[in-house]
2 protein chains.
Amino acid sequence: MPETTVLRVAYQGERGAFSEAAALALYGPQAEMVPCLSFDEVFRQVQVGACDRGLIPIENSLAGSVHRNYDLLLQHNLYIVGETILRIEHHLIANPGVRLEDVRRIYSHPQALAQCEQTLAAMGAIELVPTYDTAGSAMLIKEQGLRDAAAIASLRAADLYGMNVLRSNLEDVADNYTRFLALATEPIRPSGPSKTSLAFAGRNVPGSLFKMLSVFALRDIDLTKIESRPHRGKPWEYLFYLDFEGSLHEERCRLAVEHLQEIAAFLRVFGSYPRAQMPNGNHHNGL
Amino acid sequence: MPETTVLRVAYQGERGAFSEAAALALYGPQAEMVPCLSFDEVFRQVQVGACDRGLIPIENSLAGSVHRNYDLLLQHNLYIVGETILRIEHHLIANPGVRLEDVRRIYSHPQALAQCEQTLAAMGAIELVPTYDTAGSAMLIKEQGLRDAAAIASLRAADLYGMNVLRSNLEDVADNYTRFLALATEPIRPSGPSKTSLAFAGRNVPGSLFKMLSVFALRDIDLTKIESRPHRGKPWEYLFYLDFEGSLHEERCRLAVEHLQEIAAFLRVFGSYPRAQMPNGNHHNGL
C-alpha cells in the first residue's frame, strides 16, 4: 500500500487544549495532532522537520500580544502560513458523579485562572492550583480519579476525557478571543483575501515611523495591526509588529515591502496567509 | 496643631507589592500608602477623592500592555500625572528558620508564578498556589506561621514582614521591566522632559492612521509608543494608544493634538507628565 501523507501539527498543551482546537479549525480532523510542553518545543518540532505545522497563540483580546511568540518567531526561520480566531470559553469540568459542592481544588493554566478570577472569587474557599495547561489539568484529574477536584478547560476537553461540565462560561468577560498562527518551514502563496505579517525597526530619527508607514499609505494598503515595543538588547531602538491586508504576491504589496526595506534599519517578513474572520462573522477593517 | 497634608496613594496589592514600590519611587516615604484589592478599587479611590493618587502598572516588557488598565482609564475621568519604570525581581521568601528543603508549597500572583515558570519547574514537586498578590502571599505565610511554604515576592516584602530570602532572582528572564502610571483627578503642568498619553480611534478609511500620525510627524514630535487594538463593542473600528514626547503646554504639541481632534473619530487625552528613565539609565528614543 502507498504511504499516505498525514499533516503533523505541533501545538502547546495536551489533547483538548485551545491551540489544538485552532489546529483542528485550520487543518481538520484528518491531521495528526502533536502535543508539546512549551512554545519553544512547537517551534523546534517544525524547524527540524518532525512536524509540518506549528500552531501558536499570538494575541488575546484581553491580555494583548503574546510577546514570547513574537520573540520565538524572530529567533527561528519559520513562516506564517495561516491564522484563525477562537472565542475562548472556560468550563468547570470534573469526573462523572462529582458534584459542584464536592469540589475543593480547581486546576488550570494561570492565564485561565486569571480570566475567571471574579467568578472563582465568588465561589468561596476553593484552592486554585496552577498547571501548565487547561486540558492537561482535566487529564490529570481523570487519570488520578480525583473526586474533590475540577479543571477549568474547554468543552472539547470534557468530551475527550469523558468528563462532566459542572458550570459553563466561567470567564469574567465574554468578549474573549484569541488569534492563533500556523507556522511552516516554507512560505505559501495564498489565494483569496490575505494578510502579511512583518517586524521592522526604524532608524532613530523623529518621524521615522511616519516615513515607514508611508510605503503602505501611498499604495492604499490597509494595516490591521501595529504595535511598538522596545527592541530587546538594543535599548535605543524600537521594534514594530505590523500586519497588512494583501499578499506579497500582489505587486503593490511587494513594492511596498521593498520600499520599507529601503527605509528600515531592520526588516523581517513572516509571510502571507489567508485572512481569518472573527467567529461572529465581523471583519475588522483597516487602520 | 495644624493639620498636615499627607499625600494618599492607592495601589493594588498589600504592603511590599511592586505597585507600592512604584508609589514610593514617585512620592517618597512620607506619602500614605493605601493598599487596594483590585485595579477598579484604585480608580474608585481616586475618583471619589478618598486618595490623591492611584498607581497602576500599564506595560510589562514581557507580557505587554495591561489592557485592563487602559479600559479603566477610558471608563473614568482621571488624568495621568506621572510614570516610573521598575525592574521586576522575584525572590523566594519564607519565615525565619525555614530552609529551602522544607518548602512544599509556593504562593504568589499568577503573573509572578508564570514569570518564574522554568525556575519553578526545575525545583521539582512543589505545589504552586496562585493568590491575588505577591506581597499578600508573604503576609499570609507570616500571619499563619507556615513552616512548609514560601512566597514569591519582592525584597521589600521580605524586609517588611521580617522574612528570609531563600533564593534570589527566580524570574526566567532578567530583562523584566514594568512601567507604572500615577493617576489624579486633575491634570498637571510638568516642567522638564515630559510625555503625553492619549487614545484615539480613526475613521474607517485606508491610510487613516498615516494621516493621524502626520499631525506629529509634521511637527517633529517623537512618538514613544503606539499600539492598535480592536475597539471593544465597535467591531469595525480600531482604538490606538499613543504616547509622545512633550507636554500639552508646549504650543507645537497642543496644536498637534488639536489637529488630531480634526481628523480622529474619537480622542481622549490622558494628560502630560514627567518622563521616566529606564532603571539602567537608558533613554528610549522616539519612533
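Visitor: In this predicted model, which residue stands opposite A:Y107?

Guide: A:V129, in β8(A).

Visitor: What makes β7 and β8(A) a pair?

Guide: Pairing needs at least two bridges. Strand β7 (residues 105-108) of chain A and β8(A) have four bridges, in the parallel sense. Therefore they count as paired.

Visitor: Where does that pair sit in the sheet?

Guide: The order is β8-β7-β9-β6-β10 in chain A. The sheet is open, has five strands and shows mixed pairing.

Visitor: Why are β8 and β10 of chain A said to stand at the edges?

Guide: β8 (127-130) and β10 (164-167) each have a single partner strand, so one side of each lacks a neighbour in the sheet. From one strand to the next, the twist averages 35°.

Visitor: Which helix packs on the sheet?

Guide: Helix α6 (residues 134-143) of chain A. Helix α6 touches β6 (91-94), β7 and β9 (149-153) of chain A. Its direction makes about 155° with that of β9(A).

Visitor: Why is A:S38 called partly exposed?

Guide: A:S38 has 16 C-beta neighbours inside 10 Å. Buried needs 20 or more, and exposed means 12 or fewer. The count falls in between, so A:S38 is partly exposed. A:S38 is found in the loop between β2 (32-36) and α2 (39-47) of chain A. A:Q12 is 26 residues away from A:S38 in sequence, yet 5.4 Å away, C-alpha to C-alpha.

Conventions: Residues numbered from 1 in each chain as written. Chains lettered and ligands numbered in written order. Predicted model: local features only at pLDDT ≥ 70, side-chain atom pairs only at ≥ 80, totals over all residues. Helix = DSSP H or I, 4+ residues; strand = E, 2+ residues; numbered from the N terminus. Axes fitted to C-alpha atoms, helices over the stretch in contact; angles between N-to-C directions. Contact = placed C-beta atoms within 7 Å.
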